[in-house]
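Here are my notes for your review. Please read them with the model open.

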Amino acid sequence: MSQPGRWLWGLVPLALLWGAGNLFLGEAIERVGQGYFYAHLYFDEATDLILKTHDVRTHFFLVRELREALVSMYRFQFHQRGKEEPVEDQRVLFAAWVSKHAASHLHGMGMQIPWVSRCSLTIPYAGLIGDRGPQAQADLLARIAGVLALDPDHVQAVFHRSAIGSKTRTYIGKPSRIDDYWSDVAETVFLSLGGDQMNRQLGV
């Protein structure tokens, strides 16, 4: 999870958020509270039952355009292994990676789609980091403040103080530029796997 998602740690007293963590939900739910994230949580009947049983009332679902998410995943693998990312033939290398790995990644993403209709608020990543402009970002932060019943000015201050530009375990040095990686080959694979339809379901 990038820092623009993690900044919510300091704001949410009881919320289940998606980020870095590797416990099974049954264990993780016992730790839900200020400062805890659970990784890319699938939605199913068991998940829903556990959340209801433990009275977890506030859910934020951070979503990202899936082409951008795939590029970010591709880049992160090098960072995770401590290797330099190749700078030549980026589109060719990425297309080969997509052909091999996109199906499994998109399947996992698809398992999270039901949260869109069940979460307290869906947070578009592009809006949160400011890619849609400062006003859209401010409006989104105000909506987050509303869900949490917090002062919007406080939420804005916390975000700008602790989010943008801070390093995290998943920080890879600079934003991903999709045009540097995406190609007709990648698009063909993406569409054949239903990626565009999934984007529409996620609302991105």
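1. Phe-94, Ala-95, Val-98, Ser-99, Ala-102 and Leu-106 of H5 are in contact with Val-185, Ala-186, Val-189 and Phe-190 of H9. Contact means heavy atoms within 4.5 Å. Helices (H or I, at least four residues) and strands (E, at least two) are DSSP runs, numbered from the N terminus.

2. Two numbers describe such a pair: packed helices are characterised by the angle between their axes and the distance between the axes. For H5 and H9, the angle is about 15° and the axes are 9 Å apart. Axes are lines fitted to C-alpha atoms, for helices over the stretch in contact, and angles run from 0 to 180 degrees between N-to-C directions. H5 and H9 are therefore roughly parallel to each other. The classes are: under 35 degrees roughly parallel, over 145 roughly antiparallel, 65 to 115 roughly perpendicular, and the rest oblique. The crossing of H5 past H9 is right-handed. A crossing is right-handed if the near helix is turned clockwise from the far one by less than a right angle, and left-handed if anticlockwise.

3. A word on the basis. This is a predicted model, in which local features need pLDDT of at least 70 and side-chain atom pairs count only at pLDDT 80 or more, while totals for chains, interfaces and linings use all residues. Residues are numbered from 1 along each chain as its sequence is written, and side-chain values use heavy atoms, with hydrogens and water left out.

4. Now the overall layout. The protein has 10 helices and four strands. From the N terminus, the order is α-β-α-β-α-β-α-α-β-α-α-α-α-α. Of the 204 residues, 45% are buried. Buried means under 20% relative accessible area, exposed over 50%, partly exposed in between (1.4 Å probe, protein chains only). Among contacts with a separation of 6 or more, 70% are between residues 24 or more positions apart.

5. Which residues of H10 are buried? In this helix (residues 195-202), they are Gly-195, Met-198, Asn-199 and Leu-202. They lie on the same side of H10, because they cover an arc of only 105° around the axis. The arc is that of the directions from the helix axis to the C-beta atoms. An α-helix has 3.6 residues a turn, so residues three or four places apart point the same way. The cover over the buried residues of H10 includes S3 (58-63), H4 (66-81), H5 (90-110), S4 (121-124) and H9 (184-192). Gly-203 follows H10 and has a positive phi, near 80°.

6. Next, two strands. Five of the six residues of S3 are buried, so S3 is largely enclosed by the rest of the structure. S3 and S4 run parallel and are joined by four bridges. Two strands pair if DSSP finds at least two bridges between them. Leu-62 stands opposite Ile-123 in S4, and Val-63 has Pro-124 in S4 as its bridge partner. In a regular strand the side chains alternate between the two faces of the sheet. S4 is covered on both faces: Leu-121 and Ile-123 on one side, and Thr-122 and Pro-124 on the other, are all buried.

7. Check two backbone angles. Most residues other than glycine have a negative phi. Asp-89 is not a glycine, yet has a positive phi of about 55°. Asp-89 sits in the loop between H4 and H5 and is exposed, at 54% relative accessible area. Ala-149 also has a positive phi of about 55° and is not a glycine. Ala-149 lies in the loop between H7 (134-148) and H8 (152-162). Ala-149 is exposed as well, with a relative accessible area of 68%.

8. Arg-91, in H5, is partly exposed at 44% relative accessibility. Beyond its neighbours within four places in sequence, Arg-91 contacts Asp-179, Asp-180, Tyr-181, Trp-182 and Ser-183. Arg-91 and Asp-184 are 93 residues apart in sequence and 9.5 Å apart in space, C-alpha to C-alpha. Leu-148, in H7, is buried, with a relative accessible area of 15%. Leu-148 and Thr-58 are 90 residues apart in sequence and 8.2 Å apart in space, C-alpha to C-alpha.
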